[in-house]
Amino acid sequence: MPVGNILVVEDDEVIRRALVEVLGEHFPVQVEGARDGCDALHHILTRRYGVVVLDMMMPKMSGGDLLDSLKAMLSDPSLDFQGEPPAIIVVTAVPPDTLPNRAIEQRFPGVIRAVLRKPVDYEALVSSVRCELSG
């Protein structure tokens, strides 16, 4: 069974807090927030997560850069990353004709489980997270 903790990676503080609150109301697990990809990498290296809700467009380190870094970390045997990588649910405001779901999913095949567009459909997000946490 996957680890139940959830990490929300979103640079907009209002959106991040709303997502953390909504997920915290629906799941009896620790739901934490990270403000950008750098902050998220620190979280992922120091704690296990079953699901990461990831914004694609962020300052410092974008969601795409985070995915590339995570992929590199997982392939580096010296890091000894324990267990499976977290399931990634992408949440983005970029329109599908500019950044198609397929382009996002191909960035890290098998790890990106869903792509949702902003404004976030909370029911779809909760359903996607539930699916991942129920294993």
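Me: Which residues does V111 touch, not counting residues up to four places away in sequence?
Reply: The model is predicted: local features need pLDDT of at least 70, side-chain atom pairs count only at pLDDT 80 or more, and totals for chains, interfaces and linings use all residues. Numbering starts from 1 along each chain as its sequence is written, and side-chain values use heavy atoms, with hydrogens and water left out. Contact means heavy atoms within 4.5 Å. With residues up to four places away in sequence not counted, V111 touches P85, P86, A87 and I88.

Me: Where is V111 placed?
Reply: Helices (H or I, at least four residues) and strands (E, at least two) are DSSP runs, numbered from the N terminus. The place of V111 is in the loop between α4 (101-105) and β5 (112-117).

Me: Does V111 count as buried or exposed?
Reply: Buried means under 20% relative accessible area, exposed over 50%, and partly exposed in between, with a 1.4 Å probe and protein chains only. The relative accessibility of V111 is 7%, so the residue counts as buried.

Me: Which residues of the largest nonpolar core touch the most other members?
Reply: A nonpolar core is a set of buried Ala, Val, Leu, Ile, Met, Phe, Trp, Tyr and Cys residues joined through side-chain atoms within 4.5 Å. The largest one has 23 residues, and those touching the most other members are L7, V9, V52, L54, I88 and I112.

Me: Which element gives the most residues to this core?
Reply: Two or more residues come from each of β1 (6-9), α2 (37-46), β3 (51-55), α3 (63-75), β4 (87-92) and β5. With 4 residues, the element that gives the most is α3.

Me: What is I88 in contact with, leaving aside its neighbours within four places in sequence?
Reply: I88 is one of the core residues that touch the most other members. Its contacts, neighbours within four places in sequence aside, are V52, L54, L67, L70, V111, I112, R113 and A114.

Me: What is the order of the strands in the open sheet?
Reply: Two strands pair if DSSP finds at least two bridges between them. β1 and β2 pair in the parallel sense over 4 bridges, as do β1 and β3 over 4 bridges, while 5 bridges join β3 to β4, which also run parallel. β2 (31-34) and β5 each have a single partner strand, so they stand at the edges. The open sheet of 5 strands therefore reads, with parallel pairing, β2-β1-β3-β4-β5.

Me: Which residue in β4 does D55 stand opposite?
Reply: β3 joins β4 through 5 bridges. In β4, the residue opposite D55 is V91.

Me: Which residues point the other way from V51, V53 and D55 in β3?
Reply: In a regular strand the side chains alternate between the two faces of the sheet. In β3, 5 of the 5 residues are buried, so this strand is largely enclosed by the rest of the structure. V51, V53 and D55 point one way, and pointing the other way are V52 and L54.

Me: What angle does α3 make with β3?
Reply: Axes are lines fitted to C-alpha atoms, for helices over the stretch in contact, and angles run from 0 to 180 degrees between N-to-C directions. On this basis α2 lies across β1, β2 and β3, running at about 140° to β2. α3 packs on the sheet, touching β3, β4 and β5, and its direction makes with that of β3 an angle of about 140°.

Me: What separates the C-alpha atoms of A34 and E10?
Reply: A34 lies in strand β2, and at 0% relative accessibility it counts as buried. A34 touches residues including L7, V8, V9 and E10. A34 and E10 are 24 residues apart along the chain, and their C-alpha atoms are separated by 6.4 Å.

Me: What is the radius of gyration of the protein chain?
Reply: The chain has 5 helices and 5 strands, and its C-alpha trace spans about 40 × 35 × 25 Å along the principal axes. The radius of gyration is taken over C-alpha atoms, and the globule rule is 2.2 Å times the number of residues to the power 0.38. For 135 residues that rule gives 14 Å, and the chain comes close to this value, so it is as compact as a globular protein of that length. Its radius of gyration is 14 Å.
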